[in-house]
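Subject: Structure for you to look at

Hi,

Here is the structure I said I would pass on.

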Amino acid sequence: MKTPILLLLLGFGALAATGCSPQSSLERTGAAGTRERAPRPMPTQLPAEVLAKLDVRFLDGEIVAVETLLGRRKVIVLNLWATWCGPCRREIPELTSLDREYQGKDVEIVGLSVEDAKSATEVVRMFGTQYSIRYRLGFASDELFDAFSGPGRQGVVPQTFIFGKAGDLILHLRGLHPDFREIVRETIEKALG
């Protein structure tokens, strides 16, 4: 009796994993079936007064204003995710690989779970251990998530934001992208100049 339920749950998980935009909006399939990248739209910058009001709670308990994370002469890759999100689980190995690749360079990766900080701290901590995550993990409040997701509350995870050394938003990826690592790496390289 447990096996059919397990198969049903696994099937639902696979369906949910594809629900976060499996084909990048930055790609178009050409006539020959090859993928061509469309020009990337410029992301909408977050107003300074909004950034000044938002805080991040890290796993170690430290609370940091978002504006202090940005513009510290580092490229910041900020990933909004959840432990229950299949597409997020597919992106995390790419982020851990990028974290190792850019170790000691002016790049910082920050993973913010959209789960409740009070009830999910241990779950996120264990998840970080299980996935060998060495970059900083914390929590995105509902207010932060809404501000970063933009108008229309397009509440999709994962979402990745890349900020340049001056704190300017360079790239915003919404959902799962098949060439996620390449897009993020290319953007980091350009930002490092």
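Predicted model: local features only at pLDDT ≥ 70, side-chain atom pairs only at ≥ 80, totals over all residues.

**Two helices side by side**

Let me start with a helix pair: α4 (residues 86-101) packs with α7 (residues 180-192) at an angle of about 30°, and their axes are 10 Å apart. The crossing of these two helices is right-handed.

Which residues make the α4 and α7 contact? On the α4 side they are Glu91, Glu94, Leu95, Ser97, Leu98 and Glu101, and on the α7 side Phe180, Arg181, Val184 and Arg185. Sorted by class, that contact has five charged residues, four nonpolar and one polar.

Pro178 belongs with this region, as it sits in the loop between β9 (169-174) and α7. Its C-alpha is 9.4 Å from that of Glu91, although the two are 87 residues apart in sequence. Pro178 has a relative accessible area of 44%, so it counts as partly exposed.

**The second largest pocket**

As for the class of the lining residues, six are nonpolar, six are charged and one is polar.

**A glutamate in β6**

Is Glu108 buried or exposed? It has 12% relative accessibility, which is under the 20% cut-off, so Glu108 counts as buried. This residue is found in strand β6 (residues 107-113). If you set aside the neighbours within four places in sequence, Glu108 is in contact with Arg72, Lys74, Val75, Ile76, Val77 and Arg136.

**The chain as a whole**

Finally, the overall picture. The secondary structure comes to seven helices and nine strands. The chain has 193 residues, and 43% of them count as buried. Among contacts with a separation of 6 or more, 69% are between residues 24 or more positions apart.

Cheers

Terms used
Residues numbered from 1 in each chain as written. Heavy atoms only, no water. Nonpolar A, V, L, I, M, F, W, Y, C, P; charged D, E, K, R; others polar. Axes fitted to C-alpha atoms, helices over the stretch in contact; angles between N-to-C directions. Helix = DSSP H or I, 4+ residues; strand = E, 2+ residues; numbered from the N terminus. Left-handed = near helix turned anticlockwise from the far one by under 90°. Contact = heavy atoms within 4.5 Å. Buried < 20%, exposed > 50% of the residue type's maximum accessible area, 1.4 Å probe, protein only.
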